[in-house]
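Thank you all for coming.

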Amino acid sequence: MSNKEKKTTPTIQNRKARHDYNVEETYEAGLALKGTEVKSLRQGKASFADSFAYIQNGEVFLRDMYIKPYEHGSHFNHNETRPRKLLLNKREIRELEKATEQKGYTIVPLKLYFKYGNAKVLIGVAKGKKQYDKRESIKEKDAKRQIERNVKGNYKINM
């Protein structure tokens, strides 16, 4: 192995999606991008704030995903929030279409990462949580965290 550090590309996650939705099924989709968008993504300059996916004419598009314009780009830089096409198989698109026809289901992006040099988006078929569901999941996380603290604390005492 060489002394050079391995170059890693950032993974951009949508933490709000797991809090606001119950994700039932996930799909990995390619992302059709322009050159300056890829460069900005490799720098980690993107946000999934309120983005969602929708199906139109048998194709899946990602809407309202923000990718910051590339700093060293020219006047041909990309539009920050343009709809971006997701690359999926026809079978996967049909499954997504069937899932979103049910009441309350939507397609949300969960994670953006690079795999073998290609930009990939992990999308999920999700159903929105009610306010009391969100409170319940927060309580479960706090309880789990407290148990882990207690286990770590007891382990140190027994040493």
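Predicted model: local features only at pLDDT ≥ 70, side-chain atom pairs only at ≥ 80, totals over all residues.

**Salt bridges, pair by pair**

Let me begin with E59 and K85, whose side chains meet in a salt bridge with an N to O distance of 3.0 Å, where a salt bridge is taken as a side-chain nitrogen of Lys or Arg within 4 Å of a carboxyl oxygen of Asp or Glu. Because E59 lies in strand β5, residues 59–63, and K85 in strand β7, this pair ties together parts that are 26 residues apart in sequence; strands here are DSSP runs of E with at least two residues, and helices are runs of H or I with at least four residues, both numbered from the N terminus.

Residues are numbered from 1 along each chain as its sequence is written, and side-chain values use heavy atoms, with hydrogens and water left out.

By the salt-bridge rule, the count comes to seven. Another of them brings together the side chains of E37 and R82, at 2.8 Å from N to O. This pair links distant parts of the chain, since E37 sits in helix α2 (residues 35–42) while R82 is in the loop between β6 (66–67) and β7 (84–87), 45 residues apart. Both E37 and R82 are buried, and for E37 the relative accessible area is 0%.

A further salt bridge joins the side chains of R145 and D142, with 3.2 Å from N to O. These residues are three apart in helix α4, residues 131–158, and are therefore separated by about one helical turn. Both ends fall into the middle class of accessibility, R145 being partly exposed at 42% and D142 partly exposed at 41%.

Finally, to return to E37, which residues does one network of salt bridges with shared partners join? The members are E37, R82 and R84. I will stop there and take comments.

Technical notes
Buried < 20%, exposed > 50% of the residue type's maximum accessible area, 1.4 Å probe, protein only.
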